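Student: I'd like a quick tour of this one before I set anything up. Can you walk me through it?

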Amino acid sequence: ACSASRKANSMAITRLSSLPLLFSAPIFYSLDSMPAYLRVLATVNPLTYHVELLRGGGQLGFPLAFGVTLALLLLVVAVLAVLIARSEPLPGHDHT
């Protein structure tokens, strides 16, 4: 029951955070056409840098978009490596 509650909570957090991240990134419109408050949100949104990288650098410039995307990729790989190293083997599966 506890793990089901944790899973429901994590799914709710994911749903609540995905739409603001999606609509604050310049996916559907350019950074220039955004209001000032939304442009501030877009600068801290990782999705903005991914979109700009796919567009060839766009308004942020290729080095910045590539650098942020690469840094986020390395961070995710490092976190996953730590989580995998600390994980327990599944019952009935020997990792030797």
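**Overall fold**

Tutor: The chain has 96 residues, and 16% of them count as buried. Keep in mind that this is a predicted model.

Student: How many helices and strands does the chain have?

Tutor: Four helices and zero strands. From the N terminus on, the order is α-α-α-α.

Student: What share of the contacts joins residues at least 24 apart?

Tutor: It is 27%, counted among contacts between residues at least 6 apart in sequence.

Student: Let's zoom in. Where is S24?

Tutor: S24 sits in helix α1, which covers residues 2–24.

Student: Is S24 buried or exposed?

Tutor: Buried. Its relative accessible area is 5%, and the cut-off for buried is under 20%.

Student: Which residues is S24 in contact with, leaving aside neighbours within four places?

Tutor: Y29, M34, L38, L41, A42, N45 and T48.

Student: What does the S24 side chain reach in the backbone?

Tutor: The backbone oxygen of L21, at 3.4 Å.

Student: N45 was on that contact list. What does a side-chain oxygen of N45 reach at the start of α3?

Tutor: The backbone nitrogen of L47, to within 3.0 Å.

Student: Staying with α3, which of its residues are buried?

Tutor: Helix α3 spans residues 46–54, and T48, Y49, V51 and E52 are buried there.

Student: Why are those four on the same side of α3?

Tutor: Because they cover an arc of only 165° around the axis.

Student: What follows α3?

Tutor: G56 does, and its phi is positive, near 85°.

Student: New topic. Which residues form the nonpolar patch on the surface?

Tutor: F62, F66, L70, L73, L74 and V77. Together they have about 560 Å² of accessible area. One of them, L73, lies in helix α4, residues 62–86.

Student: What about V68: where does it lie, and how accessible is it?

Tutor: V68 is in helix α4 as well. It counts as partly exposed, at 24% relative accessibility.

Student: How far apart are V68 and H50?

Tutor: In sequence, 18 residues. In space, 8.3 Å from C-alpha to C-alpha.

Student: Back to α1. How accessible is P20?

Tutor: P20, which is in helix α1, is partly exposed at 48% relative accessibility.

Student: And what separates P20 from N45?

Tutor: They are 25 residues apart along the chain, with 9.5 Å between their C-alpha atoms.

Student: Last one. Where does S30 lie?

Tutor: In the loop between α1 and α2, where α2 is residues 36–44. S30 is partly exposed, with 31% relative accessible area.

Student: How far is S30 from E52?

Tutor: The C-alpha atoms are 9.8 Å apart, and the two residues are 22 apart in sequence. E52 is one of the buried residues of α3.

Technical notes. Residues numbered from 1 in each chain as written. Predicted model: local features only at pLDDT ≥ 70, side-chain atom pairs only at ≥ 80, totals over all residues. Heavy atoms only, no water. Buried < 20%, exposed > 50% of the residue type's maximum accessible area, 1.4 Å probe, protein only. Helix = DSSP H or I, 4+ residues; strand = E, 2+ residues; numbered from the N terminus. Arc of directions from axis to C-beta. Polar contact = N/O pair within 3.5 Å; in protein donor to acceptor, adjacent residues only side chain to side chain. Patch = residues over 30% accessible without salt bridge, like charges linked within 9 Å, V, L, I, M, F, W, Y side chains within 5 Å. Areas by Shrake-Rupley, 256 points an atom, 1.4 Å probe, with all protein chains shown as cover. Salt bridge = Lys/Arg side-chain N within 4 Å of Asp/Glu carboxyl O. Contact = heavy atoms within 4.5 Å.
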